[in-house]
Amino acid sequence: MRVILLGTPGGGKGTQAKLICEYFDIPHISTGDIFRGKIKEGTAEGKEISEYTGKGQLVPDRLTIALVEERLKKDDCKKGFLLDGFPRDEKQAQALDEIMNKKNEQINFVFLIDVPKEIIVDRILGRRVCPKCGESYHIKYNPPKVPGNCDVCGTALIHRADDQEEIILDRLAIYNQTTAPILEFYEKKGILHKIKGDGGIQDIFAQISEILKKA
Ligand SMILES: [Zn+2]
């Protein structure tokens with residue numbers, strides 16, 4: 001199964017991506033991870049990526065699309081995959097279509113985790129992340145075992161500087177603007193599933209897995 005997971009930042013998309021990939025045994029392909037990997041390898045691509053991300057800019061489509069295509073060619077994607085963070089706009093959605101056509105494959109499911117604005121603000125304000133391993137927590141909904149410290153590596157958790165209400169609302173508005181055409185694109189193909197994202201982690205996962213199990 002080839003799945004795209006869409007959802008507003010802070011809407012619990014990362015957590016769902018992990019659950020889906022574990023349960024259905026498919027690789028989790030996130031552009032964020034690909035970029036971090038390239039930067040770590042110190043390749044020319046990695047250097048170019050860090051020039052953009054260092055300035056808070058988006059990595060250009062040309063590079064992003066090429067890296068996604070390269071990743072999708074790996075053997076572990078033969079049984080399917082879950083894309084997270086890609087496509088982020090209509091142009092990328094079309095590029096993904098071309099990649100799939102070349103491989104004689106199709107995306108089977110697109111999920112949008114639809115979460116009300118107030119809930120997203122609440123989730124992001126309470127979010128704490130581990131600066132070392134990247135694991136994320138929520139002070140109310142997903143607290144670490146030892147308050148303030150990462151369960152995985154023990155590092156002190158941080159509240160990211162841009163996790164503030166005004167910045168969150170700005171990010172949401174931009175996200176909705178760029179995502180609307182992607183939703184339309186996949187709705188026309190008949191593969192878009194809107195998931196109510198105001199429930200708990202397990203409730204959201206149950207809605208998604210029920211649809212995937214029918215496949
Ligand atoms: Zn950690």
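Is Cys150 buried or exposed? Select it and see: at 5% relative accessibility, Cys150 counts as buried (under 20% relative accessible area is buried, over 50% exposed, in between partly exposed; 1.4 Å probe, protein chains only). Now click on Cys153, which is partly exposed at 31%.

Before moving on, note that this is a predicted model, where local features need pLDDT of at least 70, side-chain atom pairs count only at pLDDT 80 or more, and totals for chains, interfaces and linings use all residues. Residues are numbered from 1 along each chain as its sequence is written, and side-chain values use heavy atoms, with hydrogens and water left out.

Next, show the zinc ion. Its ligands are the SG atoms of Cys130, Cys133, Cys150 and Cys153, at 2.3 Å (donors are N, O and S atoms within 2.8 Å of the metal, 3.2 Å for Na, K and Ca; water is not among the atoms, so sites may look incomplete). Angles of 100 to 121° among the four donor atoms make the site tetrahedral (all angles between 85 and 135 degrees). Along the chain, the spacing reads C-x2-C-x16-C-x2-C.

Then switch to cartoon and pick out the open, parallel sheet: five strands, ordered β2-β3-β1-β4-β7 (strands are DSSP runs of E, at least two residues, and helices of H or I, at least four, numbered from the N terminus; pairing takes at least two DSSP bridges). β2 (28-30) and β7 (192-196) are the edges, each with a single partner strand, so one side of each has no neighbour in the sheet.

Finish by zooming in on β2, which pairs with β3 (residues 81-84) over three parallel bridges. There, His28 sits opposite Leu82.

Terms used: Tetrahedral: all angles 85-135°; square planar, octahedral: opposite > 155°, others 65-115°.
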